[in-house]
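Here is a friendly walk through a structure, told as questions and answers. Please keep the model open beside you as you read.

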Amino acid sequence: MADLARRLRHEHGVVADVREPDIIRLAPVPLYSTFHDCWRAADALAHSVQEER
């Protein structure tokens with residue numbers, strides 16, 4: 001999971017929190033995160049997970 005979070009940050013600029021054994025947390029802040037920010041994070045996560053398979 002830590003590798004996935006690292007790739008999200010370095011390749012897509014998405015900051016994720018890792019909780020072992022198998023949790024990645026994304027925490028958008030309503031006053032600062034736009035719909036596009038959330039969409040981009042979800043898209044980056046989907047692509048990163050597909051690449052691992």
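This is a predicted model: local features need pLDDT of at least 70, side-chain atom pairs count only at pLDDT 80 or more; totals for chains, interfaces and linings use all residues.

Residues are numbered from 1 along each chain as its sequence is written, and side-chain values use heavy atoms, with hydrogens and water left out.

Q: Are the planes of the F35 and W39 rings stacked, edge-to-face or tilted?
A: The structure holds one aromatic pair. Rings of Phe, Tyr and Trp (its six-membered ring) pair if their centres lie within 6.5 Å, with planes under 30 degrees apart counted as stacked, over 60 as edge-to-face and the rest as tilted. The ring centres of F35 and W39 are 6.1 Å apart and their planes meet at 35°, so the pair is tilted.

Q: About how many helical turns separate F35 and W39?
A: Both belong to helix 2 (residues 35-52); helices (H or I, at least four residues) and strands (E, at least two) are DSSP runs, numbered from the N terminus. Because F35 and W39 are four residues apart in that helix, their separation is about one helical turn.

Q: Is W39 buried or exposed?
A: Buried means under 20% relative accessible area, exposed over 50%, and partly exposed in between (1.4 Å probe, protein chains only). W39 has a relative accessible area of 56%, so W39 is exposed.

Q: What is the volume of the largest pocket?
A: On a 1 Å grid over the protein atoms alone, a pocket is an open set of points where a 1.4 Å probe fits, with protein on both sides within 12 Å along at least five of seven lines; lining residues have an atom within 4 Å of a point. Grid points are joined across faces, edges and corners, and the volume is the space filled by probe spheres set on the points. For the largest pocket this comes to about 180 Å³.

Q: How many charged residues are in the lining of the largest pocket?
A: The lining includes V14, L26, D37 and R40. Ala, Val, Leu, Ile, Met, Phe, Trp, Tyr, Cys and Pro count as nonpolar, Asp, Glu, Lys and Arg as charged, and the others, Gly among them, as polar. By these classes, the lining has seven nonpolar residues, one polar and, as for charged ones, two.

Q: How far apart in space are L4 and V49, C-alpha to C-alpha?
A: L4 lies in helix 1 and counts as buried at 6% relative accessibility. Beyond four places in sequence, L4 touches I24, L45, S48, V49 and E52. L4 and V49 are 45 residues apart in sequence, and their C-alpha distance is 7.8 Å.

Technical notes. Contact means heavy atoms within 4.5 Å.
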